[in-house]
Amino acid sequence: MCVVEVPHRGIWQIVQPPGHHPYALDFIAVDLKGRPYRPWNLAKHVFSSMDVKDTFAWEQPVLAPIPGEVYFAHDGQHDQMRLNLPLDALRILFFQGRVRTSLFEQYGGNYVIIKGYSGTFALMAHLRCGSVSVRKGMTVNEKDPIGLVGNSGRSIQPHLHFQMMSDPDPFGTDLIPFRFRKFQKFENGEWIVATEELPPAGVPFQAL
Ligand SMILES: [Zn+2]
């Protein structure tokens, strides 16, 4: 178990997609009702296509969750700019899902790995193409910006994939459970302060 800073600002919630390691979490930016974009975009998202820029997560700053040294930074993978939920789900499940590759960028898109001083590694993935602002070997402090949320790699809509690891291999299985140092969560219509917890999936929360 380790305690880290929330890697973004504003209101987000955790989603746990099928196939993810239980300690590997996806974060989407939402409103207080848990919606990732304005409600009128839902029909476009499902039946035609919506602009990636209309999601709340798009180009939100990603912040270093731990202090340490940049172990690896990858940029240059394109972002999927139009979103259609059924087609994107099919693309990921049946097309990209069959591609077997040793290149993590085929899955994670643009990503950063930070090596913390205690020997743990933080992985942030699906960053915006061209937004990665750190390079291998750089020192970062907690909350330093490292890039922007994007839709690169195997991603259905803009989100941040985040995991803590005891080994720098992003394909590795040595994932570490983590908690956030301090945040507030929106439950039953009110904000509740929480320390050294993980917000429950589907509950809007924001860093404090
Ligand atoms: Zn993910």
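**A guided reading**

Guide: Met 50 is found in strand β4 (residues 50–51), where helices (H or I, at least four residues) and strands (E, at least two) are DSSP runs numbered from the N terminus. This is a predicted model, in which local features need pLDDT of at least 70, side-chain atom pairs count only at pLDDT 80 or more, and totals for chains, interfaces and linings use all residues. Residues are numbered from 1 along each chain as its sequence is written.

Visitor: Why is Met 50 called buried?
Guide: A residue is buried if 20 or more other C-beta atoms lie within 10 Å of its own, exposed if 12 or fewer, and partly exposed in between, with C-beta atoms placed from the backbone. Met 50 has 22 other C-beta atoms within 10 Å, and therefore counts as buried.

Visitor: Which residues does Met 50 touch, leaving out those up to four places away in sequence?
Guide: Met 50 touches Asn 41, Lys 44, His 45 and Leu 83, and touching here is contact, for which the two C-beta atoms, placed from the backbone, must lie within 7 Å.

Visitor: What makes Asp 169 count as exposed?
Guide: Asp 169 has 12 C-beta neighbours inside 10 Å, so this residue counts as exposed. Asp 169 lies in the loop between β12 and β13, and its C-alpha is 9.2 Å from that of Phe 121, although the two are 48 residues apart in sequence.

Visitor: What makes β12 and strand β3 (residues 25–29) a pair?
Guide: Two strands pair if DSSP finds at least two bridges between them, and three bridges join β3 to β12, which run antiparallel. Within this pairing, Asp 26 stands opposite His 161 in β12. Strand β9 (residues 121–127) is also antiparallel to β12, joined by five bridges, and there Leu 123 has Gln 163 as its bridge partner. With strand β13 (residues 175–176), β12 pairs in the antiparallel sense over two bridges, and Met 164 has Ile 176 as its partner.

Visitor: How do you know that β8 is largely enclosed too?
Guide: Six of the seven residues of β8 are buried, so this strand is largely enclosed by the rest of the structure. β8 pairs with β9 in the antiparallel sense over five bridges, and Asn 110 stands opposite Leu 127 in β9. Six bridges join β6 to β8, and these two also run antiparallel.

Visitor: Which residues touch the most other members of the largest nonpolar core?
Guide: A nonpolar core is a set of buried Ala, Val, Leu, Ile, Met, Phe, Trp, Tyr and Cys residues joined through C-beta atoms within 7 Å. Of the 40 residues in the largest one, Val 112, Ile 114, Leu 123, Met 124 and Leu 127 touch the most other members. β9 gives the most to this core, with six residues.

Visitor: Why is the chain called as compact as a globular protein of its length?
Guide: The secondary structure of the chain comes to three helices and 16 strands. Its radius of gyration is 16 Å, close to the 17 Å that the globule rule gives for 208 residues, so the chain is as compact as a globular protein of that length. The radius is taken over C-alpha atoms, and the rule is 2.2 Å times the number of residues to the power 0.38.
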